[in-house]
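Open the model in your viewer and keep the sequence alongside. This tour tells you what to select next and what is there.

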Amino acid sequence: MKKTNAVLLFLLITTLSGCAIPTRENLLDAWMGHQESELVASLGEPDTTVRNREGMRILTWDDRGCNKSFVVDNTGEVVNWNDTCAES
């Protein structure tokens with residue numbers, strides 16, 4: 001019985017610890033709905049800024065060879081992101 005409890009406890013701890021570690025994708029998702037000013041205050045000035053066909057701004061940071069980009073709508077809200085190194 002003690003061995004079964006120990007195995008169950010081990011499985012529970014490893015399952016919960018896997019959920020507690022934020023992935024790069026989770027960190028980028030957290031910016032959705034935030035304002036551009038908050039994003040820039042946290043990450044610094046972007047390396048590049050362009051406008052897409054819809055007039056939204058695309059802010060891109062070069063993070064050690066991985067580009068992370070955020071799409072900001074006309075109200076200044078982050079509405080999407082892309083990352084060349086996000087975990088699948």
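Helices (H or I, at least four residues) and strands (E, at least two) are DSSP runs, numbered from the N terminus. Two strands pair if DSSP finds at least two bridges between them. This is a predicted model: local features need pLDDT of at least 70, side-chain atom pairs count only at pLDDT 80 or more, and totals for chains, interfaces and linings use all residues. Residues are numbered from 1 along each chain as its sequence is written, and side-chain values use heavy atoms, with hydrogens and water left out.

**Stop 1: the hairpin.** Select β3 and β4. They form a hairpin with five residues between them. In the turn, find Gly76, which has a positive phi of about 90 degrees. Five bridges join β3 (residues 66-72) to β4, and the two run antiparallel. Pick Lys68: its bridge partner in β4 is Asp83.

**Stop 2: the sheet.** Four strands make an open sheet, ordered β1-β2-β3-β4, with antiparallel pairing. At the edges are β1 (48-51) and β4 (78-83), each pairing on one side only. From one strand to the next, the twist averages 20 degrees. (Axes are lines fitted to C-alpha atoms, for helices over the stretch in contact; angles run from 0 to 180 degrees between N-to-C directions.)

**Stop 3: the loop between β2 and β3.** Select Arg64, which lies in this loop. Its phi is near 55 degrees, a positive value in a residue other than glycine. Is Arg64 buried or exposed? Arg64 is exposed, with a relative accessible area of 79%. (Buried means under 20% relative accessible area, exposed over 50%, partly exposed in between, using a 1.4 Å probe and protein chains only.)

**Stop 4: the helix across the sheet.** Show α3 (residues 36-43). This helix lies across β2 (57-63), β3 and β4, running at about 15 degrees to β2. Select Leu39 in α3. Leu39 is buried, with a relative accessible area of 0%. Beyond its neighbours within four places in sequence, Leu39 is in contact (heavy atoms within 4.5 Å) with Trp31, Gly44, Trp61, Phe70 and Val78.

**Stop 5: the core.** A nonpolar core is a set of buried Ala, Val, Leu, Ile, Met, Phe, Trp, Tyr and Cys residues joined through side-chain atoms within 4.5 Å. Select the ten residues of the largest one: Leu28, Trp31, Leu39, Val40, Leu59, Trp61, Phe70, Val72, Val78 and Trp81. Which elements give two or more residues to this core? They are α3, β2, β3 and β4.
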